[in-house]
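This report is a guide for a reader meeting the structure for the first time. Please look over the sequence and the model before reading on.

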Amino acid sequence: MRAAAIRNSAAAITTREGIAVASTVKTKTDLAYQRCVMPDCAATYDVGEVRTACDACGSLLDVVYDWDSLPVPRSLEAFEKKWSRRHEPLCFSGVWRFYELLPFAPPSKIVTIGEGQTLLHSSEGVARYVGVQPNNLFLQYEGINPSGSFKDNGMTAAFTHAHTTGAKRAACASTGNTSASLALYCGVSKLMQAVIFIGSGKISYGKLSQALDYGALTIQIAGDFDDAMLRVQQVSTQLGIYLVNSVNPFRLEGQKTIMFRVLEALKWTVPDWIVVPGGNLGNSSAFGKAFYELRQLGLIDRIPRLAVINATGANTLHELYEKRGLRWNNGRPDASVVNNYYAELDDASRRASTIASAIEINRPVNLYKCLRALECCNGVVRVVTDEQMLNAKAQVGANGLGCEPASAASVAGAKLLRDEGIIEPGERVVCILTGHQLKDPTATVAYHTADQNEFNRVLGSRGVSRAEFANRAVQVENNLDEIIRAINLNS
C-alpha cells in the first residue's frame, strides 16, 4: 500500500480495490503538531501520537501548523489548478485537493476514496421558503459523499492519521453516519477492522444497513449515543483501538474542507452566513477553525457569521449558550455552567429525543471548540422543533435535493433567523445539508403518508402534529377511467 517517497512535485500512485494512496507534493510532518485548545495550558504533542485529550488538563486538542515554514498558496484561486489534475488521487479528492491547508500527514500515507465531490446548489424555491432574495440561498449538499454524509470529509483525515500510526482497529460511537463512514473506509482499504458502538433503537436502518454491509463489528449497548460515546472511549483506551469520533482532532481537519469547497463554489467570496445542524458540534468547530486559519493566512478578508441549530429534543448548546450565557471567553469558559447543566440532565434522567437521529446528542464532545467557533464567527444558536425540520426537509426535497431530517435543521434554522430579523433578506446564506435522504427513509415516508396510524407511530410521538407540505399518494381503484380522473384532478 505504500507509495515510493517522491521529492519535489512528482507524483507516485498505488491503488488497490478502488482506494488510492498517493504522493504528489513534498511535506514536512514536523511542521504540524497537536496542541491543547485551552490557551492557559497550550500543551503540545507530536503529530504522530494518538490522543483525544490533553494529558495536562484533559481538554481537547487541535492540529496546529507552522504556517510560516509551509508552502501555503498566496491565493485560494491556486487550488483551482488542481482540477486539471483529477487523474491524481489527491487532486480528485475534495478534501486532499486542499492538502496545503491540512498538511499533517505524508502524502504517501493518505487514504482517499474520492470523498468531497459535493456541490453548492443555489435554490430559489428554498430561498422563498426561508425568506431571502433569489440567488442568496445556497445548499451545500454533503449527502453525495461515498457513504452518503459529510462524515467522509473527516474520516479520510482521521483514517489517514490512523494509517500513519499503524493502527489495525478503529472504533467509533455513532448515531449512524460515522459508523457508515468508518465501515466504508475499512471495507475498501482492508487496512483496519471497524468496531462501532450504537445505542438501542437509536440508529436508522438506512445507516445501520451500511455498517453491517461493509463488514463492521457492531456493538449495540443498552443506552443512547452519550452512553455509547463513554464506552467507546473506555474500550479504545483499554484495548489500544484508534478512536475516530470527532473528539479526534484530525477528523475536524478533514471537515474544514467543506468550507473551502463552499468558498470555491462562490468564486472565493465569503458568504454572510453559514448555517449548520448542531449535534456533536464537530462541523461547527471545524468551520470556525477553517475561517480563522484562512483569515490568519490572509486568504480571506472577513469571516462569515455562524448559526448552529439544535433540535428541541437535543438542545444542550442552545440552553448553555443562549439561556445560560456560556461563552468561550477567550479560552476561559465557565466549566461550572456546563457541569451544573449536565448534573440537571442526570437528576432528571433526561435523554436526547428527536426524529433527527444524527443530532440526537445531549453531551456534545466538541462543546468548547464550538464555543470558540461562535466567538470567532460572531455566532448565534437556535433551536427548532421536529415539525419545523420536517417541513423544511419537505421544501428541500420539493426543490430537488433529498436530505435526512438532521440536515434540514439548517434550513429550518435559517427560516427562523430570517423571521426574527437576524438574517436580512439581501444576505447570502449557506445551509449545510449533512446527509442523504435515504439515510432515514422511514421519517420521509411517514411525513408524506396518508396512513394516520403510521404518521402517529413515527412522528406523532415526537410532537409532530401536521405535515404542512405532505405529498401524499393518491389511492384509486385499479380502473383506467378512475386512474385518468385522479391524474386530471391532481395535475
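## Basis of the model

The model is predicted, and local features need pLDDT of at least 70, side-chain atom pairs count only at pLDDT 80 or more, while totals for chains, interfaces and linings use all residues. Residues are numbered from 1 along each chain as its sequence is written, and side-chain values use heavy atoms, with hydrogens and water left out.

Helices (H or I, at least four residues) and strands (E, at least two) are DSSP runs, numbered from the N terminus.

## Helices α4 and α5

Two packed helices are described by the angle between their axes and the distance between the axes. Helix α4 covers residues 177-189 and helix α5 covers residues 205-213; their axes come within 8 Å and cross at roughly 25°. Axes here are lines fitted to C-alpha atoms, for helices over the stretch in contact, and angles run from 0 to 180 degrees between N-to-C directions. The two helices α4 and α5 are therefore roughly parallel (angles under 35 degrees count as roughly parallel, over 145 as roughly antiparallel, 65 to 115 as roughly perpendicular and the rest as oblique). The crossing of α4 and α5 is left-handed, a term used if the near helix is turned anticlockwise from the far one by less than a right angle, with right-handed used if clockwise.

From α4, the residues N177, S179, A180 and A183 meet K207, Q210 and A211 of α5 (contact means heavy atoms within 4.5 Å). By class, this contact of α4 with α5 has 3 nonpolar, 3 polar and 1 charged residues. In this scheme Ala, Val, Leu, Ile, Met, Phe, Trp, Tyr, Cys and Pro count as nonpolar, Asp, Glu, Lys and Arg as charged, and the others, Gly among them, as polar.

## Lysine 207

Is K207 buried or exposed? K207 counts as buried, at 0% relative accessibility (buried means under 20% relative accessible area, exposed over 50%, partly exposed in between, with a 1.4 Å probe and protein chains only). K207 belongs to helix α5. Not counting residues up to four places away in sequence, K207 touches T175, G176, N177, A180, S357, A358, E404 and K439.

## Helices α13 and α14

Helix α13 (residues 386-398) and helix α14 (residues 409-419) have axes that come within 8 Å and cross at roughly 105°. That makes α13 roughly perpendicular to α14. On the α13 side, Q388, M389, A392 and V396 meet A409, V411 and A412 of α14. The contact of α13 with α14 has 6 nonpolar residues, 1 polar residue and no charged residues.

## Salt bridges

A search of the whole structure finds 27 salt bridges (a salt bridge is a side-chain nitrogen of Lys or Arg within 4 Å of a carboxyl oxygen of Asp or Glu). One of them joins R51 and E49, at 2.6 Å from N to O. R51 is buried at 18% relative accessibility, while E49 is partly exposed at 27%. Another pairs D346 with R363, at 2.6 Å from N to O. D346 lies in helix α11 (residues 335-347) and R363 in the loop between α11 and α12 (367-376), so the pair ties together parts that are 17 residues apart in sequence. R363 is partly exposed, with a relative accessible area of 26%.

The side chains of E482 and R485 also form a salt bridge, at 2.7 Å from N to O. Both residues, E482 and R485, lie in helix α17 (residues 480-489), 3 residues apart, about one turn of the helix. E482 is partly exposed at 34%, and R485 is partly exposed at 43%. A network of salt bridges links E253, K256, K289 and E293.

L326 sits in the loop between α10 (316-323) and α11, and counts as buried at 2% relative accessibility. Leaving aside neighbours within four places in sequence, L326 is in contact with L320, Y321, P333, D334, V337, V338, L367 and L371. In α12, L367, K369, C370, L371, A373 and L374 are buried.

## Positive phi angles

Most residues other than glycine have a negative phi, and most peptide bonds are trans. A42 is not a glycine but has a positive phi of about 55°. A42 lies in the loop between β3 (32-36) and β4 (44-46) and is partly exposed, with a relative accessible area of 31%.

K190, also not a glycine, has a positive phi of about 60°. K190 is in the loop between α4 and β9 (193-199), and counts as exposed at 54% relative accessibility. N378, which follows α12, has a positive phi near 50°.
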